[in-house]
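Dear colleague,

I am passing on the structure below, together with notes on what was found in it. Please read the notes with the model open beside them.

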Amino acid sequence: MDYSPDATIIRDAPEPPFEQLAGILRARITRGDWKPRRPIPAESRLGEEYELSRPTVRRAIAALVADGVLFVVPQRGTYVQGSEPAGEGES
């Protein structure tokens with residue numbers, strides 16, 4: 001299912017909330033809300049914004065990490081994947 005960057009979570013939709021959130025976050029990245037190699041908002045902030053529990057937000061982020069859309073830097077945050085693999089091209 002395609003999601004709008006401005007969509008909201010629909011509680012009685014056939015797709016679980018984490019899938020909806022993953023689609024919304026992907027759409028926001030595509031729109032340019034968050035630039036490559038830059039952090040996305042914290043899990044707690046996304047949870048508040050979309051009225052979801054932190055485990056649900058984590059599951060959405062994990063799905064996007066698995067798809068290569070995001071990457072996690074421990075103790076730093078979650079970042080939008082750039083055109084080159086994480087850790088390369090930094091000076």
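Which residues does Glu43 touch, not counting residues up to four places away in sequence? They are Arg54, Val57, Arg58 and Ile61, where contact means heavy atoms within 4.5 Å.

Before the details, a word on the basis. This is a predicted model, in which local features need pLDDT of at least 70 and side-chain atom pairs count only at pLDDT 80 or more, while totals for chains, interfaces and linings use all residues. Residues are numbered from 1 along each chain as its sequence is written, and side-chain values use heavy atoms, with hydrogens and water left out.

The pLDDT (the predictor's confidence in each residue, from 0 to 100) averages 91 over the protein chain, and 90% of the residues score at least 70. Over residues 85-91, however, the pLDDT is below 50, and this stretch has eight contacts in the model beyond near neighbours in sequence.

Glu43 belongs to helix α2 (residues 43-50); helices here are DSSP runs (H or I, at least four residues), numbered from the N terminus. The side chain of Glu43 also makes a polar contact with the side chain of Arg54, at 3.0 Å; such a contact is a pair of N or O atoms within 3.5 Å, and within protein one must be able to donate a hydrogen and the other to accept it, while residues adjacent in sequence count only if both atoms are side-chain atoms.

On the α3 side, Arg54, Val57, Arg58 and Ile61 meet Glu43, Ser44, Leu46 and Gly47 of α2. The angle between α2 and α3 is about 110°, with their axes 9 Å apart (axes are lines fitted to C-alpha atoms, for helices over the stretch in contact, and angles run from 0 to 180 degrees between N-to-C directions). The two helices α2 and α3 are therefore roughly perpendicular to each other, a label for angles of 65 to 115 degrees, with under 35 counted as roughly parallel, over 145 as roughly antiparallel and the rest as oblique.

Helix α1 (residues 17-31) and helix α3 (residues 54-66) have axes that come within 8 Å and cross at roughly 55°, which makes α1 oblique to α3. Residues Pro17, Phe18, Leu21, Ala22, Leu25 and Arg26 of α1 meet Thr56, Val57, Arg59, Ala60 and Leu64 of α3.

Finally, α1 and α2 pack at an angle of about 105°, with their axes 13 Å apart. That contact is made by Leu21, Ile24, Leu25 and Arg28 of α1 with Leu46, Glu49 and Tyr50 of α2.
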